[in-house]
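Below are my notes on the model, as numbered points. Please read them with the coordinates open.

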Amino acid sequence: MFTLITKRGGVTLYRKHLYVFDQHQPIPAVVRSYTHSDIPELLAIQQESFPPPFPSELWWNKEQLHNHITWFPEGALCMEINGQLAGSMTALLVDDAAREEDHPWEQITDSGYIRSHNPNGGTLYVVDISVRPAYRKLGIGKCLMQAMYDVVIHNGLTRMLGGGRMPGYHLHADSMTASQYLDAVVRGELKDPVITFLMRCGRTPVRVVEHYLEDEESCHYGALMEWNNPFKKNND
């Protein structure tokens with residue numbers, strides 16, 4: 001496995017060769033920067049990854065994907081297996097102060113258009129992570145997350161930050177608050193499909209944000225979660 005981060009035409013490109021596993025069978029894979037030629041497959045990934053009741057208007061469109069590639073290509077990553085894209089992950093840079101603010105997803109990500117990207121920002125903010133259902137259980141999401149940690153370290157950033165859905169919360173909303181639900185997941189008393197996955201990837205909860213995303217399963221809450229750069233001082 002190796003990571004290659006190169007400059008080409010003033011654009012930083014990312015490429016990592018690795019293996020994923022289907023039970024005990026190793027499968028060659030590549031995590032790389034996505035490009036304009038990948039847009040049709042990236043649109044398909046969104047539709048497959050977020051079926052109803054997730055709002056279809058929140059799926060990526062061509063303009064958003066063009067902006068990801070144009071404004072911050074280092075934060076536009078995908079995983080390719082046997083010539084097909086299996087998943088993608090997108091991020092932008094924001095000020096470190098974003099950690100202390102309660103912000104909706106639409107505000108901080110410019111509704112996914114990332115025109116809010118700050119080239120001088122110290123925090124890598126996750127806009128989206130998507131994995132095709134046919135490729136789940138291969139560890140695609142974790143590989144993409146690890147690749148974004150590479151981006152944090154390579155750029156000397158303070159942290160990765162982002163709001164995670166809490167799709168299991170609607171099952172418990174009548175008996176506990178969103179913060180109580182998150183605490184129960186952290187204690188291991190409950191398992192959430194997204195929050196538990198993010199914790200296994202090394203992310204830690206900061207707090208719950210109300211009205212984070214239009215998402216009925218999460219009752220419109222999100223859990224702000226971070227990963228601190230271990231090489232950055234004052235991250236204790």
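1. Leu144. At 0% relative accessibility, Leu144 counts as buried (buried means under 20% relative accessible area, exposed over 50%, partly exposed in between, with a 1.4 Å probe and protein chains only); Thr196, at 14%, also counts as buried. Leu144 lies in helix 4, residues 140-154. Helices are DSSP runs of H or I with at least four residues, strands are runs of E with at least two, and both are numbered from the N terminus. Leaving out residues up to four places away in sequence, Leu144 touches Val31, Leu77, Cys78, Met79, Gly87, Ser88, Met89, Ile129 and Ser130, where contact means heavy atoms within 4.5 Å.

2. Thr196. This residue is found in helix 6, residues 195-200. Not counting residues up to four places away in sequence, Thr196 touches Val185 and Lys191.

3. Basis and confidence. This is a predicted model, in which local features need pLDDT of at least 70 and side-chain atom pairs count only at pLDDT 80 or more, while totals for chains, interfaces and linings use all residues. Residues are numbered from 1 along each chain as its sequence is written, and side-chain values use heavy atoms, with hydrogens and water left out. The chain averages a pLDDT of 92, and 94% of the residues score at least 70; pLDDT is the predictor's confidence in each residue, from 0 to 100. Over residues 1-8 pLDDT stays under 50, and the model has 22 contacts beyond four places in sequence for that stretch. Where pLDDT is low, the predicted coordinates should not be read in detail.

4. Helix 1 against helix 2. The axes of helix 1 (residues 39-49) and helix 2 (residues 62-71) come within 10 Å and cross at roughly 115°. Axes here are lines fitted to C-alpha atoms, for helices over the stretch in contact, and angles run from 0 to 180 degrees between N-to-C directions. From helix 1, Ile39, Leu42 and Leu43 meet Lys62, Leu65, His66 and Ile69 of helix 2. The residues of this contact divide into five nonpolar, one polar and one charged.

5. Trp60. Which loop holds Trp60? Trp60 lies in the loop between helix 1 and helix 2, and is buried, with a relative accessible area of 6%. Beyond its neighbours within four places in sequence, Trp60 is in contact with residues including Leu43, Leu65, Trp105 and Val127. Trp60 and Pro40 are 20 residues apart in sequence and 11 Å apart in space, C-alpha to C-alpha.

6. Strands 6 and 7. Strand 6 (residues 123-131) and strand 7 pair in the parallel sense over three bridges; two strands pair if DSSP finds at least two bridges between them. Thr123 has Arg159 in strand 7 as its bridge partner. Five of the six residues of strand 7 (residues 159-164) are buried, so this strand is largely enclosed by the rest of the structure.

7. Positive phi. Most residues other than glycine have a negative phi. Phi of Asp110 is near 55°; Asp110 lies in the loop between helix 3 (105-109) and strand 6 and counts as buried at 18% relative accessibility. Phi of His211 is also near 55°. His211 sits in the loop between strand 8 (204-209) and strand 9 (222-228) and is exposed, with a relative accessible area of 57%.

Notes
Nonpolar A, V, L, I, M, F, W, Y, C, P; charged D, E, K, R; others polar.
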